[in-house]
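User: Hey, I'm new to this one. Could you walk me through it?
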Amino acid sequence: MYEYSCPVRVSYNAIVASDQAYVFDNLSYCPGLRILHLKYYPDPLISQATRSHGLFEALCTVLERQPPPWPLLERLDLWLFLQPDDVVSVSYQLCARLASVFADKTCFPRFGMLVLRIKPQPWTVHSGALSSRSPSSDRATVKMWRQAFEAFERMPGVMLDVDMLRPSSPLTPSVFGLI
């Protein structure tokens with residue numbers, strides 16, 4: 001089984017798209033990939049509107065290639081380390097586009113699970129202060145991300161698992177380690 005963990009970390013908005021494209025281009029040479037685990041650490045200094053949008057755009061672009069880069073892909077794990085206000089930058093159209101790619105069973109016949117783990121960062125650059133998290137705000141965050149990816153829930157044979165990243169879980173590896 002091939003498994004790859006890719007922390008995508010960049011410093012400037014101008015190189016975000018090219019770095020993500022570079023990572024996905026290199027991964028496309030692994031047609032036997034079955035599980036793709038991406039850890040996304042956006043730069044808090046770049047525009048909120050382009051942070052997670054760029055990741056999902058790059059992912060859709062590589063998955064839409066013909067022939068598909070990973071025809072054996074069964075599971076996609078996305079760990080998103082985001083600022084508290086990043087959920088508003090999620091494009092519902094990009095989430096639906098990603099779902100439509102996986103709905104094509106001729107390209108991805110084995111795909112059956114999307115796992116999203118959200119880890120809001122406590123430090124917000126714009127406010128200059130630590131933000132506090134409550135269980136109700138965590139539930140609201142999970143609900144918003146689940147709504148963004150609701151197209152996956154309507155796909156037969158596909159499971160959508162959205163939750164907060166909890167570092168204390170016995171199944172959760174080190175936040176900065178590779179799986």
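User: What am I looking at, and how are residues counted?
Analyst: This is a predicted model, where local features need pLDDT of at least 70 and side-chain atom pairs count only at pLDDT 80 or more, while totals for chains, interfaces and linings use all residues. Residues are numbered from 1 along each chain as its sequence is written, and side-chain values use heavy atoms, with hydrogens and water left out.

User: Okay, which residues are buried in H3?
Analyst: Leu94, Cys95, Leu98, Ala99, Val101 and Phe102 are buried in H3. They sit on the same side of H3, because they cover an arc of only 155° around the axis. That arc is taken from the directions from the helix axis to the C-beta atoms. Buried means under 20% relative accessible area, exposed means over 50%, and partly exposed is in between (1.4 Å probe, protein chains only). Helices (H or I, at least four residues) and strands (E, at least two) are DSSP runs, numbered from the N terminus.

User: How far apart are the end C-alpha atoms of H3?
Analyst: They are 16 Å apart, which agrees with the 16 Å that the 12 residues of helix H3 (residues 92-103) should span at 1.5 Å a residue. The expected span is 1.5 Å times one less than the number of residues.

User: Switching topic: how many salt bridges does the structure hold?
Analyst: There are 8 salt bridges. The term means a side-chain nitrogen of Lys or Arg within 4 Å of a carboxyl oxygen of Asp or Glu.

User: Which residue does Glu74 form a salt bridge with?
Analyst: Glu74 pairs with Arg34, and their closest N and O atoms are 3.0 Å apart. This pair links distant parts of the chain, 40 residues apart: Glu74 is in the loop between helix H2 (51-63) and strand S3 (75-82), and Arg34 is in strand S2 (residues 33-41). Glu74 is partly exposed at 24% relative accessible area, and Arg34 is partly exposed too, at 26%.

User: And what about Asp161 and its salt bridge?
Analyst: Asp161 forms one with Arg117, with the closest N and O atoms 2.9 Å apart. Here strand S7 (residues 159-164) holds Asp161 and strand S4 (residues 113-120) holds Arg117, 44 residues apart. Asp161 counts as partly exposed at 21% relative accessibility, whereas Arg117 counts as buried at 16%.

User: How many bridges join S4 to S7?
Analyst: There are 6, and the two strands run parallel. Two strands pair if DSSP finds at least two bridges between them. Ile118 has Met164 in S7 as its bridge partner.

User: Last topic: which residues have the most contacts inside the largest nonpolar core?
Analyst: Those are Leu80, Phe102, Phe149 and Phe152, in a core of 42 residues. H2 supplies the largest share of this core, 7 residues. A nonpolar core is a set of buried Ala, Val, Leu, Ile, Met, Phe, Trp, Tyr and Cys residues joined through side-chain atoms within 4.5 Å.

User: What does Phe152 touch?
Analyst: Not counting residues up to four places away in sequence, Phe152 touches Cys95, Leu98, Ala99, Phe102, Phe111, Leu114, Val158 and Leu160. Contact means heavy atoms within 4.5 Å.
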